[in-house]
Amino acid sequence: MAAVISRRTALQLSGALIVSFAIPLDSGFGATQPAKKSVDPGNIGSFLAINPDGTVTVFSGKVDLGTGVRTALTQMVADELDVGFSKVILIQGDTDLTPDQGVTFGSLSIQNGGVQLRQAAATARRALLIEAGRRFKIPPESLRIEDGMVHPPQGEPVPLAALLDKQGLSLKLDKAAPLKAPKDFKLVGKSQPRLDIPDKVTGQFTYMQDFALPGMYHGRVIRPPALGATLLSVDEASIADIPGIVKVVRQENFLGVVAQTEWAAIRGSRRLAATWSEWYGLPSRIELWEHVRHTKILKDDVTSNIGDSAKALGEAKDRLAATYDFAIHTHGSIGPSCAVAQFDGDHLICWSASQATHNLRKQLAAMFSFKDAQVHCIYIDGSGCYGRNGHEDAAADAALLARAVNAPVRVQWMRADEHGWDPKGPPTLLDMRAGLDASGKITAWESELFIPDGGAGIVALVGADHAGLNSLGTLSPGGVIQDLAIPYTIDNVKTTAHRLESTPFRPAWIRSPGRMQNSFANESFFDEIAAHAKTDPLEARLRYLQDERGNALLERLASLSAWRTWTKSSRGAKHTGHGLAYTKYELVRTYVGVVCEVEVDRDSGEIAVKRFFVAHDCGQIINPDGLRNQIEGNVVQTVSRVLKEEILFSQSKVTSVDWASYPILRFPEVPEVVMDLIDRPDQVPWGAGEPTAAMVPAAIGNAVFNAIGVRLRSVPFTRTKVLAAIKKS
Amino acid sequence: MPEFQFSVNGKEVVAHSDDPTMPLLYFLRNDLKLHGPRFGCGLGQCGACTVHLNGAAIRSCVYPIGVIKGNVTTLEGLSSPQGLHPLQQAFIDEQAVQCGYCINGMIMQAAAFLKRVAKPTEAQVREELGANLCRCGTHLRIVRAVMRAAQ
């Protein structure tokens with residue numbers, strides 16, 4: 001197994017190889033600028049370096065957010081180049097070293113990032129074999145690469161690195177460079193133990209939260225007591241008695257304390273006397289859904305429009321309608337966001353667990369009116385990140401404080417900062433309508449989604465906002481209109497997203513943004529229609545699905561979960577039920593179907609989620625055990641979101657700022673997860689970090705209906721809501 | 001500056017702090033550079049900071065340094081020169097980590113528990129870890145790892 005090398009060692013290694021890499025590339029490696037490594041994604045030297053010692057350095061713009069992609073990407077490159085797994089060193093998310101491969105989100109690290117790295121490796125492989133063939137004076141096809149050595153049919157093998165000091169190899173990334181045939185994979189498709197785990201279970205792993213610089217101070221921020229409050233006054237003398245306070249930093253409404261020790265910074269931030277204006281700009285929580293429904297619509301995005309749904313609805317024999325809503329969620333990373341920033345004159349280095357260091361660089365540059373080149377962002381693994389959480393904001397805080405004291409500053413948010421100020425998954429509302437003919441056939445499907453405008457853009461940095469600085473932020477809830485269109489073939493369909501001007505809290509994407517909420521409504525409503533038509537939920541889906549791969553997956557799911565032979569049971573007030581959900585993610589990639597088994601207590605309203613069955617087809621599987629780990633996480637995390645989670649707020653601020661007021665799933669409540677992974681080694685690999693999560697809400701709701709005959713249309717499915725639904729039925 | 005004496009991972013240490021209410025966690029992480037225990041909530045709610053005090057699992061993020069007496073063990077002190085603690089090996093064998101930020105607490109809580117209950121049932125393990133939070137959803141693997149270590 002390869003060792004996870006320390007960042008410093010990695011950078012020393014990569015620094016050494018950058019200047020010693022002998023192939024003259026089109027940009028970056030030239031003798032005139034030896035220190036500047038190319039990060040141009042059109043150039044394979046930006047992604048790969050074959051080092052004289054036989055190791056291969058991979059420069060990945062996609063980062064490991066705790067998902068295990070470090071290991072999977074290593075497998076992909078090592079296999080494609082035929083170098084040993086242990087010979088690959090992976091550098092991630094360093095704006096000076098790694099190409100911008102896009103934000104690490106959307107289940108795209110392997111599907112896009114890994115595929116790009118693999119293509120770079122394939123380009124290199126072909127070029128190296130051609131060069132070796134030239135040297136051996138034999139056709140390249142007669143050569144094979146094994147463990148980093150090129151073997152001719154007869155004679156001594158040569159190491160890959162020895163082929164590099166030759167002029168004239170074209171190393172432009174070639175999208176047509178042939179990939180290895182699946183039958184030749186040695187690493188891809190086999191479970192590979194994760195590279196980071198040994199250090200993580202012994203306390204040797206360096207997380208962002210552990211990173212320190214010599215002479216580094218500690219900072220804490222003091223956020224306003226109301227979202228839109230302004231800072232009226234600060235009494236610095238109120239903390240003068242705390243030893244080690246370096247400075248109270250104030251810039252407009254940004255307020256922070258810098259201290260020599262972390263504890264002094266915390267004490268200082270807690271005790272600092274400041275007065276703020278009042279502010280009551282949030283909607284009343286009990287009127288949240290009216291607020292969402294009546295927020296100004298900027299535009300409509302019609303995501304599918306087939307036939308004439310309005311006419312078909314008018315002519316339908318039966319019409320069904322339902323409204324679904326999904327609460328505001330926080331990311332809830334266990335480790336609050338953290339960053340270290342250091343200025344060297346007008347040059348800023350920022351260490352961050354950001355999923356988007358290249359974007360963060362632009363944002364920090366904008367804050368300080370720098371050029372992008374004056375900012376260097378370096379990724380270090382942090383606590384799990386499930387979207388755009390507070391990591392970037394902590395980076396802005398650290399930078400503001402470091403600038404003020406002209407020394408390196410580390411900021412870690414406190415728990416209340418994280419729950420209170422990370423960007424939130426916005427409240428999401430969906431109206432659904434369907435029409436059926438006399439035979440029970442669905443003739444019309446309509447949906448209307450109420451969701452903030454914008455896509456997966458740049459989210460403003462909260463510290464910059466408070467300091468009155470521009471951080472390039474726009475309304476960016478994520479790719480939230482995906483999966484509003486449905487995978488089923490129905491004659492008349494119209495799905496419309498009403499894009500709202502605003503939403504109560506700064507929004508951003510949390511795992512499967514919009515896709516989870518849309519899938520919740522779609523798959524729950526489809527279940528409602530099936531029940532109305534007295535059709536089995538599985539058979540109904542098979543009937544409307546004209547997709548061979550999807551149908552095959554549903555049959556695998558039916559076998560796995562014994563769907564057709566399963567029977568309900570009751571004991572006292574407790575009733576079991578099972579529910580199903582299916583999607584082809586974003587209608588273009590990973591197929592996933594799930595069956596959930598629940599036991600519902602009609603007296604207490606409690607839902608016990610007992611078991612999840614998952615059939616999963618993401619094409620080619622890179623690391624099967626890594627995939628299983630991801631799927632388990634998708635299920636467990638989303639069961640938590642669906643059963644328990646909801647941001648509470650007053651008209652001034654978030655009030656659920658700890659784990660007591662924002663409870664998440666605990667060990668005794670965690671369901672078993674049983675899965676069937678469908679591997680297709682001859683297909684491209686698709687993402688797996690999100691699709692299963694999107695299936696969980698509807699599957700639980702549908703299982704509850706199966707158990708006790710009531711529909712849950714509002715996440716979270718709290719006991720209060722279950723009891724209210726029972727009372728209404 | 002007041003001094004507090006106790007031992008950490010078998011070595012005598014002296015902590016200097018002007019504030020006896022400073023939680024133990026900051027001394028371990030910042031003065032001793034022991035990064036096994038981690039800051040998660042500062043409220044004793046999540047378990048990421050768990051260490052042993054005289055063999056019992058405590059939340060170091062809320063445990064004042066001024067009252068520490070005896071021996072503190074951190075994740076780093078759990079393994080011996082002879083090798084990994086059976087729980088650490090089991091977590092590797094079961095690949096029971098996603099981001100791993102909570103894993104210190106899982107291992108430390110379970111290690112203290114297995115000393116009391118050598119052969120727990122799965123339900124007992126789940127109950128014992130009930131106040132340790134994981135956000136990635138690694139729970140099933142964590143339970144399997146603890147059960148494996150108990151074998």
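Reader: In which loop of chain A is the place of A:Pro716?

Author: In this predicted model, A:Pro716 lies in the loop between β26 (714-715) and α17 (719-728) of chain A.

Reader: How should I read the length of helix α3 of chain A?

Author: One compares the end-to-end span with the span expected at 1.5 Å a residue. Helix α3 of chain A covers residues 109-136, which is 28 residues, and its first and last C-alpha atoms are 38 Å apart, close to the expected 40 Å.

Reader: Where does α3(A) bend, and how many of its residues are buried?

Author: The bend, of about 25°, is at A:Val115. As for cover, 20 of the 28 residues of α3(A) are buried, so that the helix is mostly covered.

Reader: What does the same reading give for helix α15 of chain A?

Author: Helix α15 (residues 624-644) has 21 residues, which should span 30 Å at 1.5 Å a residue; its end C-alpha atoms are 30 Å apart, in agreement. This helix is also mostly covered, with 18 of its 21 residues buried.

Reader: Which residues have the most contacts inside the largest nonpolar core?

Author: The general idea is that, in soluble globular proteins, nonpolar side chains tend to be buried together. Here the largest nonpolar core has 89 residues, and those with the most contacts inside it are A:Val598, A:Ile607, A:Phe612 and A:Ile700. Helix α16 (residues 691-708) of chain A supplies the largest share of this core, 11 residues.

Reader: With which residues is A:Phe612 in contact, beyond its neighbours in sequence?

Author: With neighbours within four places in sequence left aside, the contacts of A:Phe612 include A:Val594, A:Val595, A:Cys596, A:Val635, A:Val639, A:Val696 and A:Ile700. A second, separate core has 55 residues; among them are A:Ile647 and A:Val654, together with B:Leu87 and B:Ala96.

Reader: Where is A:Gly335 found, and is it buried or exposed?

Author: A:Gly335 is in the loop between β13 (318-326) and β14 (338-343) of chain A. Its relative accessibility is 0%, so it counts as buried. Apart from its neighbours within four places in sequence, A:Gly335 is in contact with A:Gln209, A:Ser383, A:Gln412 and A:Arg415, as well as with B:Phe39 and B:Tyr101. A:Gly335 and A:Arg415 are 80 residues apart along the chain, yet their C-alpha atoms are separated by 8.3 Å.

Reader: How many helices and strands are there in chain A, and how is its radius of gyration to be read?

Author: Chain A has 17 helices and 26 strands. The radius of gyration is 27 Å, close to the 27 Å that the globule rule gives for 729 residues, so chain A is as compact as a globular protein of that length. Its C-alpha trace spans about 75 × 75 × 45 Å along the principal axes, and 63% of its residues are buried.

Reader: What does the secondary structure of chain B come to, and what is the radius of gyration of this chain?

Author: Chain B has six helices and five strands, following the pattern β-β-α-β-β-β-α-α-α-α-α along the sequence. Its radius of gyration is 15 Å, which agrees with the value near 15 Å for a compact globule of 151 residues. Buried residues make up 64% of chain B.

Notes. Residues numbered from 1 in each chain as written. Chains lettered and ligands numbered in written order. Predicted model: local features only at pLDDT ≥ 70, side-chain atom pairs only at ≥ 80, totals over all residues. Heavy atoms only, no water. Helix = DSSP H or I, 4+ residues; strand = E, 2+ residues; numbered from the N terminus. Expected span 1.5 Å × (residues − 1). Bend = angle between axes of the 7 residues up to and from the residue. Buried < 20%, exposed > 50% of the residue type's maximum accessible area, 1.4 Å probe, protein only. Rg over C-alpha atoms; globule rule 2.2 N^0.38 Å. Core = buried A, V, L, I, M, F, W, Y, C linked by side-chain atoms within 4.5 Å. Contact = heavy atoms within 4.5 Å.
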